[in-house]
Amino acid sequence: MKKRIVMTAALCCFCVVTCLCAGEVKSKMTVAAIVEDVSATNVASEVETPESATQTLQENVLVATNEQETNEYSNLAIADVSDYVNVRSGPTTDSSIVGKIYDGAVAQILAVAGEQEDWFQITSGNVEGYIKAEFFLYGDAAAQVIDEYVTRYAKVQADRLNVRREPSIDAARIGYIDNGEKVKLLEDCGEWLHVQYMENTEGYVSAEYVTLLEEFRYAKTLEEEQAEIAARKALEERQHAEEQNTPEILTNVEFPATTYTSNEELRGAIIDYALQFVGNKYVHGGSSLASGTDCSGFTCFIYADFGYSISRTPGGQYSDAGRAIDYSQIQPGDIICYSSNGGKSCTHVALYIGDGQIVHAANTRKGVIVGTADYSPIIGIRNVID
């Protein structure tokens, strides 16, 4: 599936402000405020600075005198703090907090405010209020680095997408992401994406089942932040509960007989038995045909129920299960070995059922399915029966 990059942040939304206030704005200001709101999470402090630490906001914020002289970043501010800074209802540290703007988030400057003109009146996301100018990049400084502050996300298009510890289908699963949910993209590794799964947990997802988005970060209202915290907690609790209480999938399985008059009859019985599990889940490392297993577990457990002992891994089955044969000799019940890394190793196995088709535990999205035998590069065939 070709990945499509969607730019969801409309930079043009930062409108032109043709004047800052009704009267003439003073040319000098002092960046000053009372020390407040220094948190244990290293929040940007609103610290009083000496009278000598003055600057001219009018010289740094590109206030357009007419539309022709305006660029799209003229009134853009980017938070440059260690964690977040408060957005307040007025241009003083005594004003109530209406939201938080985190490091790297952007805001539109509406006006310069405060007795010493050291505050910005801004709008960002659903938050409108006042922020201390000293904690932001603005004007030319913001325009020069704006591309560094785009956040990239992976939005899931599958019903449920596994998150793995390493960029491999055989790597341990550390969780999942439901359809429509998105996670921060850390690195595009081609077929796999390195993502920030939880606050302190990174992982990998298949690039085939996501759409890439590019967005700016915005300030959050206090209500939005609490809702996000509650949603993350609920998701973690649900995932933990499901992982601890995965229900068995009930199937009306007809178990194999103990004796067969010919190898042909045995092969037919193996195929009929395997097809009973079509529709069941793919579970990496799973140990049950009923509740779910992976590709090599599927072939291993099918054969085990007929009294054959073969390796539990794709590589082990490729090298040691039965004997190697040519594809021209293939029969129902033989194991087809595939490679997704150019033949360096066996990465997937399936059970041949005849007429150019296979039954296999495909992946987490599809589960156990019937498919075409040549859907992926074949590196070997193993005859376990004769």
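Tutor: Begin with a definition: a cavity is a set of grid points where a 1.4 Å probe fits but cannot get out, and a volume is the space filled by probe spheres set on the points. The model is predicted. In this model the second largest cavity holds about 30 Å³ of space.

Student: How many cavities of 30 Å³ or more does the structure hold?

Tutor: There are two cavities of 30 Å³ or more.

Student: What makes a residue part of the lining of the second largest cavity, and which residues are they?

Tutor: A lining residue has an atom within 4 Å of a point. For the second largest cavity these are Phe-277, Asn-280, Lys-281, Leu-289, Gly-292, Thr-293, Phe-298 and Val-368. By class, four are nonpolar, three polar and one charged.

Student: What makes the space of about 1,600 Å³ a pocket?

Tutor: A pocket is an open set of points, whereas from a cavity the probe cannot get out. The largest pocket has that volume of about 1,600 Å³. Its lining counts 33 residues, and Tyr-153, Arg-217, Lys-220, Glu-228 and Arg-232 are the closest to its centre. Among the elements giving two or more residues to this lining are strand 11 (150-156) and strand 17 (210-216). Helix 3 gives the largest share, nine residues. The lining divides into 15 nonpolar, four polar and 14 charged residues.

Student: Which residues lie nearest the centre of the second largest pocket?

Tutor: Ile-169, Glu-208, Tyr-209, Ser-340 and Asn-363 do, out of 29 lining residues. The second largest pocket contains about 880 Å³ of space, and its lining has eleven nonpolar, 13 polar and five charged residues.

Student: Why are some residues of helix 4 called buried, and what do they pack against?

Tutor: Buried means under 20% relative accessible area. In helix 4 the buried residues are Leu-266, Arg-267, Ala-269, Ile-270, Ile-271, Tyr-273 and Ala-274. They pack against helix 5 (295-304), strand 21 (348-354), strand 22 and strand 24 (378-383).

Student: What is the average pLDDT of the protein?

Tutor: The average is 78, and 76% of the residues score at least 70. Residues 1-55 stay under 50, and residues 62-70 are also below 50.

How values were computed. Residues are numbered from 1 along each chain as its sequence is written. This is a predicted model: local features need pLDDT of at least 70, side-chain atom pairs count only at pLDDT 80 or more; totals for chains, interfaces and linings use all residues. Side-chain values use heavy atoms; hydrogens and water are left out. pLDDT is the predictor's confidence in each residue, from 0 to 100. Contact means heavy atoms within 4.5 Å. On a 1 Å grid over the protein atoms alone, a cavity is a set of points where a 1.4 Å probe fits but cannot get out, and a pocket is an open set with protein on both sides within 12 Å along at least five of seven lines; lining residues have an atom within 4 Å of a point. Helices (H or I, at least four residues) and strands (E, at least two) are DSSP runs, numbered from the N terminus. Ala, Val, Leu, Ile, Met, Phe, Trp, Tyr, Cys and Pro count as nonpolar, Asp, Glu, Lys and Arg as charged, and the others, Gly among them, as polar. Buried means under 20% relative accessible area, exposed over 50%, partly exposed in between (1.4 Å probe, protein chains only).
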